[in-house]
Amino acid sequence: MNCNIAVIKGDGIGPEVVSEAMKVLDAIGAKYGHTFNYEQLLMGGCSIDVHGVPLTDEAVERAKAADAVLLGSIGGNTSTSPWYKLPPEKRPEAGLLKIRKELGLFANLRPAFLYNELKGACPLKEEIADKGFDMMIMRELTGGLYFGARETKEVDGVMTAVDTLTYNENEIRRIAIKGFDIAMKRRKKVTSVDKANVLDSSRLWRKIVEEVAKDYPEVTYEHMLVDNCAMQLVKDPAQFDVVLTENMFGDILSDEASMITGSIGMLASASLNETKFGMYEPSGGSAPDIAGQNKANPIATILSAAMMLRYTFDMDKEADAIEAAVQQVLVENYRTCDIVSEGTELVSCSQMGDLIATRV
Ligand code: NAD
C-alpha cells in the first residue's frame, strides 16, 4: 500500500520523537511491503519563526491532501519563550486549534493501557494494578460546553457568567458510530458516559447512543453517570473497553485515565473525522525541559503511528507488530529516563527507536 503522511514534527522534543516513529514505520514498510511517503509541514513555534504565524493556510491544504497527519508536539516554555509574548491567536497552540477545526476532527481517542512491566509506576493499589487495564477513552472534540455561546455580564447588579452546553443529534450520532466501530476492533464493549439524571443534553446523548447500539448487536453497551465513572476508573479500571463521552467529561476522564497508567511518555492519541482521515500524536507536550538532549521517550509517538496504521490504513497486523515490539523492549528491560527504575537499562530516545524498529 502507498500511504501519504503529512508529518508535523513541531517544537521541543517533537522532532526527536517523530523521527523515531518514522524509523519504526519504515521498518514496517520494509517488512510488509508498504511505502510511507512523508511530507513535512511546519506548525507551532517553528512556523512562527519562519512564517510569522503558527500555521499557514498552505500547510492546512497540504495536510488535507494527505491520508493522515503524524504530529509531534508544539509549543515552548510558556514562561520564557518569546512565542508567548504574542497575542493568543498568534501563539503556537492557535495552530493546533486551527488544524483540528480545519480537518473536522471531532473524535478524540486516548488509549490508557497498563503495561505489566510498568505496574510500579501506577498510583493505584497493587491489587487493582495487578489486574491491569486496557481502555480507549473516546471524547467528542468539537461540540458541547467548550464551543457553546458564553458571556459574563451584570444581572441586577450581580456579575453573572453563562456557558452553554449544546449537542444536536447528528453530533452525537457520528461520535457514537465511531465509538461502536472502534469497539468492534477491540473487546466489543462500550460504556457511554453522561449525566442524564440532570442534563437534557445527556438525555439526548443516551437516546441517540441507544439508537446507534441497535446497529451493533455484537457490542455490549451500558450507560454510566460521569461521577460514577470517575470513581470506577480508580476502583476497577479493568472493567472498561471503550468509554464514549462528550467533550468536557472526556477532557477530565481522559486525564484521569492517563494518570493511572503512570507515564505520559507512553500515551498515544488520535483525532478522527468522518472519513478514515486522522491526526495522530502523543498525549504529552513538547517537554522543553528535555528537548534537544536525545532523552525523550518516543513510545507515545510510535504507538500513535500504530494507531494511524490501525484506524486510517486498516493495517491491523502491522499495528499489532508495533505494539508487540514496544512490549518486547519493555520485557527486555530497556527504559528511557521517564520510566527508568532500578534493575532496568537506561537508553536514549534514538536507541529506543532503534530497539523497537529492529523488533517489528
Ligand atoms: P509536557 O507534557 O510537555 O511536559 C510535562 C513533563 O512531562 C515534563 O517534565 C516533560 O519532560 C515530561 N514529558 C513529556 N513528554 C515526555 C516524553 N515523551 N518523554 C519523557 N518525558 C516527557 O507539558 P508542559 O510542560 O505543561 O508543556 C510544555 C509545552 O508543551 C507547552 O508549550 C504546552 O503548551 C505544550 N503542549 C503541547 C501539546 C501538543 O502539542 N498537543 C500538548 C500539551 C502541551
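Which side chain makes a polar contact with the side chain of Glu 318? Before I come to that, a word on what we are looking at. This is a predicted model, in which local features need pLDDT of at least 70 and side-chain atom pairs count only at pLDDT 80 or more, while totals for chains, interfaces and linings use all residues. Residues are numbered from 1 along each chain as its sequence is written, and side-chain values use heavy atoms, with hydrogens and water left out.

The partner is the side chain of His 34, at 2.7 Å from that of Glu 318; a polar contact here is a pair of N or O atoms within 3.5 Å, and within protein one must be able to donate a hydrogen and the other to accept it, with residues adjacent in sequence counting only if both atoms are side-chain atoms. Glu 318 sits in helix H11, residues 316-331, where helices are DSSP runs of H or I with at least four residues and strands are E runs of at least two, numbered from the N terminus. With a relative accessible area of 4%, Glu 318 is buried, a word that means under 20% relative accessible area, with a 1.4 Å probe and protein chains only. Leaving aside residues up to four places away in sequence, Glu 318 touches Ile 28, Tyr 32, His 34 and Leu 309, contact meaning heavy atoms within 4.5 Å.

Let me turn to strand E11, residues 268-272, of which 5 of 5 residues are buried. Ala 268, Ala 270 and Leu 272 lie on one side and Ser 269 and Ser 271 on the other, so that both faces are covered. Two strands pair if DSSP finds at least two bridges between them; E11 runs antiparallel to E4, residues 107-113, with 3 bridges, and Ala 270 is the bridge partner of Leu 109. E11 is also antiparallel to E12, residues 278-282, through 5 bridges, with Ser 271 opposite Met 279, and a hairpin of 5 residues joins E11 to E12.

Finally, the ligand. Around it are 22 residues, of which Gly 76, Glu 93, Gly 285, Ala 287 and Asn 297 come nearest, a residue being near if one of its heavy atoms lies within 4 Å. A backbone N or O atom of Gly 76 lies 2.6 Å from a ligand oxygen atom, and a polar side-chain atom of Glu 281 lies 3.2 Å from a ligand nitrogen atom.

Key. Buried means under 20% relative accessible area, exposed over 50%, partly exposed in between (1.4 Å probe, protein chains only).
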